[in-house]
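Welcome! Take a look at the structure first, then try each task before reading on.

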Amino acid sequence: MTRKIGADLLAMAKNRLLKSAQATGLCGHMIRGGILGLALALPGLASAQNLFAPVAYVNDKVVTGYELDQRMQMLSVLGGAKGRAATLDALIDERLRQEAADRVGFQLTDEQVAAGIAEFAARGDLKPEQFLSLMARNGVAAQTVRDFVASGLVWREYARARFASKAQVSEAEIDKALQSNGPSGGLRVLLSELFLPARTPEEAAKSAELAKQIAANPSIPAFAAAASQYSVAPSREQAGRMDWVSVGDLPPPLRAAVMGLKPGEVSAPLSTGNAIGIFQLRSVAETNAPTPQADAIEYAAYYIAGGRSEAALKRAAEVKASVDTCDDLYGIAKGQPESVLEIDTLPVSQIPNDVAFELAKLDPGEVSTALTRTDGQTLVFLMMCGRSYAAAADADRDAVRTQLQSQRIGALADSFLAEMRADANIVIP
């Protein structure tokens, strides 16, 4: 009798797992592995059934409680936590997108999904295995990450194939975009920053958990209080508040993160090598002046022994009072080893993240003493020398065309999704 009950329960679990697999795109070996895992855990199979119980029906597909919990946990780790209702709403949209792609037989290869995960991980300066390991330590399955990335890729490629012919861009539209230095026009943002230490794997894991907790309550006063309490950056004295900065002057990882935020929202964690940074968007302003993206930055780093000691900070203050330009630092460093002063002009993409974050706050001639090197034993006197921008005349017309077309395809795809949702049979038990 016991064996029959176990077999019946396993059959029911197999059926649920197969339905979940159809909804999330699980491959065959993952299905078989899940069934085997459930077979080995028959004593707790009743709770497993509840775990995989549907929380929404979308036409002939389902969203399970497990998927919802996993997605919420993943977003929490990434610093973009949403409420349960909003997360479920996003998963319902994904089912509809997948249904549209399935109707025309559109599928991704394993290589495409792997490349997508690598691209996503790179936004936080992580390798795919590091990103998946971080997720696993926070209770997020690799398949959850795969489903999330694959869903976005499928919809992007499907939308391109379906709407590209309706999203043609004229030469006149490109000329207009170039005259304003790009489709986004002039934008400035008001940010707050919070940096947590990540000098060792253990410290990084602890800081990642703290960042997740802070992002879960992303009100502006709460973020300011957290910055004052936990941040290791000097801006903690100002509750993490930064001054207005042009979007084009932000380093690429931060620029990409910020452009996806609404006021009050917090970015996903960004790594600087020995710290984890999270940023809150407080406000956005449009300007009449264009904000082209800097393509190269000249900056100086003068290294002062003593880290953030009183003597080192006093020396930095003396240097700051006696220099107006980066060239003045040559006189300051005269007679010292060549290694104490570096003046470089580098493409923005090649500047270390922690340096790039500080430079984004500076105008030419301004100074930051927020950074250290050699495990905190050396203070970095960082000075902005100047930025260079690509001239509008030299801008890549094909790149502008692609950007405008992508925006148009996105609008058409959003409209199509709204139509599918209106026609769909959606039931939330």
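Predicted model: local features only at pLDDT ≥ 70, side-chain atom pairs only at ≥ 80, totals over all residues.

**Exercise 1. The whole chain**

What share of the contacts in the protein chain with a separation of 6 or more comes from residues 24 or more positions apart?

Residues are numbered from 1 along each chain as its sequence is written, and side-chain values use heavy atoms, with hydrogens and water left out.

Solution. Start with the term: a contact means heavy atoms within 4.5 Å. Residues 24 or more positions apart then account for 74% of the contacts with a separation of 6 or more. Next, look at burial, where buried means under 20% relative accessible area, with a 1.4 Å probe and protein chains only. Of the 429 residues in the protein chain, 42% count as buried. Finally, the secondary structure comes to 16 helices and 12 strands; these are DSSP runs numbered from the N terminus, helices being H or I with at least four residues and strands E with at least two.

**Exercise 2. A bridge of sulfur**

Find the disulfide and describe its setting.

Solution. A disulfide is a pair of cysteine sulfur atoms within 2.5 Å. By this rule the count is one: C326 and C385, with sulfur atoms 2.0 Å apart. The torsion about their S-S bond is about -105°, so the disulfide is left-handed. C326 sits in the loop between α13 (310-322) and α14 (328-333), and C385 in strand β11 (residues 378-389), so the pair ties together parts 59 residues apart in sequence. Both C326 and C385 are buried.

**Exercise 3. Partners of β1**

Which strands pair with β1?

Solution. Two strands pair if DSSP finds at least two bridges between them. β1 (residues 54-58) and β2 (residues 61-64) are antiparallel, with four bridges, and V58 stands opposite K61 in β2. The two strands form a hairpin with two residues between them, and N59 in the turn has a positive phi of about 55°. On to β12 (residues 426-427): two bridges join this strand to β1, again antiparallel, and Y57 stands opposite V427.

**Exercise 4. Crossing helices**

At what angle do the axes of α5 and α16 cross?

Solution. Axes are lines fitted to C-alpha atoms, for helices over the stretch in contact, and angles run from 0 to 180 degrees between N-to-C directions. The axes of α5 (residues 84-103) and α16 (residues 397-423) come within 10 Å and cross at roughly 100°. That makes the helices roughly perpendicular, a term for 65 to 115 degrees. In the contact, residues of α5 including I92 and L96 meet F416, L417, M420 and R421 in α16.

Terms used: Buried < 20%, exposed > 50% of the residue type's maximum accessible area, 1.4 Å probe, protein only. Parallel < 35°, antiparallel > 145°, perpendicular 65-115°, else oblique.
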